[in-house]
Amino acid sequence: MAGFFREFSRSGKGVSKDAPDKKRFILFFEILWRKLWQIIGINILYFIIILPVLSYVVVFVLQSVGITSADVADNTLFVVFGYILSLPAGLMWTLIAVSAILYGPATCGLTYILRNFTRQEHAWTFSDFFDRAKQNFKQGLIAGIIDLVLIMSCAMYIAMDTSSLGGMWYLGIFKYVALTIAVIYFIMRFYIYLMIVTFDMDFKAIFKNALLFVVLGFFRNLCSVFFIVLTLATSVNYALVFFALITPAFCQYIAVFNSYPTVDRYMLQPIHKQRIENGEEEDLGPVFSDEVKYGDDE
């Protein structure tokens, strides 16, 4: 068993510092291929952690938009969701509550691993996952709660039947406001967890910068949205297998890989440049540094 986990956690061959840069499209698939087993391993762990709260949220969203259990009865993933939600109430709510608490920190752990893979640096897949989840527990918890609340709130408003509003038709505007918020926040998530595991900054600054990056990284964000949606749509027919093995981690990998250059350009490079001008270091060194402190006062 120990050998099995070492297989997922081994560092593998490093990348030469002087190796020529490759086109990012090619680099995306090269990293994915080299780290595939590690990504699968960490996805299995992540999927187990988020499964109870994922079951509740997905079923809640589907019911909000009028999709019944009969409509997805042939999908094995939804069969598992149904099984979890049919457990005795005390056990079910305990699992959902624990999963909801761990969801944000676990996403931080996953993002940290994928961030290191993206910049071709080593990460101990499982130990670093837990260490980073623990280190960023508070901000991860906040981000996770915001995720869950916004998803369910926006789903209710988006699914609202405007034909029943009568003379209060103007309330239907909330439907489109909710849709706009959902899209914007979906993109902000690309950056929120990445900044949490990279910078020492308060959550207000993280949230503000993530909102700015929705615009600053516009074309990269569109690319991420397209391929994440395509991945999710492709995973539907074999949802349980894909979600258990690869889908959540792969979607996060797409987001991290495409968001990295924007964060590097607008946050990391200016910090490194200032350090060089101040004589604090002779060269750039690693592109990322976990000791970087960045906030509104800098």
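A: Begin with the order of elements: along the sequence the chain follows the pattern α-α-α-α-α-α-α-α-α-α-α-α. Helices (H or I, at least four residues) and strands (E, at least two) are DSSP runs, numbered from the N terminus. The chain has twelve helices and zero strands. This is a predicted model, in which local features need pLDDT of at least 70 and side-chain atom pairs count only at pLDDT 80 or more, while totals for chains, interfaces and linings use all residues. Residues are numbered from 1 along each chain as its sequence is written, and side-chain values use heavy atoms, with hydrogens and water left out.

Q: What share of the 298 residues counts as buried?
A: Buried means under 20% relative accessible area, exposed over 50%, and partly exposed in between (1.4 Å probe, protein chains only). Here 44% of the 298 residues count as buried.

Q: How do I read a salt bridge, and how many does the structure hold?
A: A salt bridge is a side-chain nitrogen of Lys or Arg within 4 Å of a carboxyl oxygen of Asp or Glu. The structure holds two. In one, the side chains of arginine 189 and aspartate 147 meet at 2.8 Å, N to O. That pair links distant parts of the chain, with arginine 189 in helix 8 (residues 173-196) and aspartate 147 in helix 7 (residues 137-158), 42 residues apart. Both arginine 189 and aspartate 147 are buried.

Q: Which side chains meet in a salt bridge at 2.6 Å, N to O?
A: Those of glutamate 121 and arginine 119. Arginine 119 is buried, at a relative accessible area of 15%, whereas glutamate 121 is partly exposed at 26% relative accessibility.

Q: How many aromatic pairs are there?
A: Rings of Phe, Tyr and Trp (its six-membered ring) pair if their centres lie within 6.5 Å; planes under 30 degrees apart count as stacked, over 60 as edge-to-face and the rest as tilted. By this rule there are 17 aromatic pairs. Tyrosine 56 and phenylalanine 60 are stacked, because their ring centres are 6.3 Å apart and their planes lie at 25 degrees. These two residues are four apart in helix 3 (residues 36-64), so about one helical turn separates them. Ring pairs also link Phe25, Phe28, Phe29, Phe250, Tyr253 and Phe257 into a cluster.

Q: What lies over the face of phenylalanine 257?
A: A charge sits over a ring if NZ of Lys or CZ of Arg is within 6 Å of the ring centre and within 35 degrees of the ring normal. In this case arginine 24 lies over the face, at 4.0 Å from the ring centre.

Q: Leaving aside neighbours within four places in sequence, which residues is tyrosine 56 in contact with?
A: Contact means heavy atoms within 4.5 Å. Tyrosine 56 is in contact with Leu85, Trp93, Ile96 and Met152. The C-alpha atoms of tyrosine 56 and leucine 85 are separated by 7.1 Å, although the two are 29 residues apart along the chain. Tyrosine 56 is partly exposed, at 28% relative accessibility.
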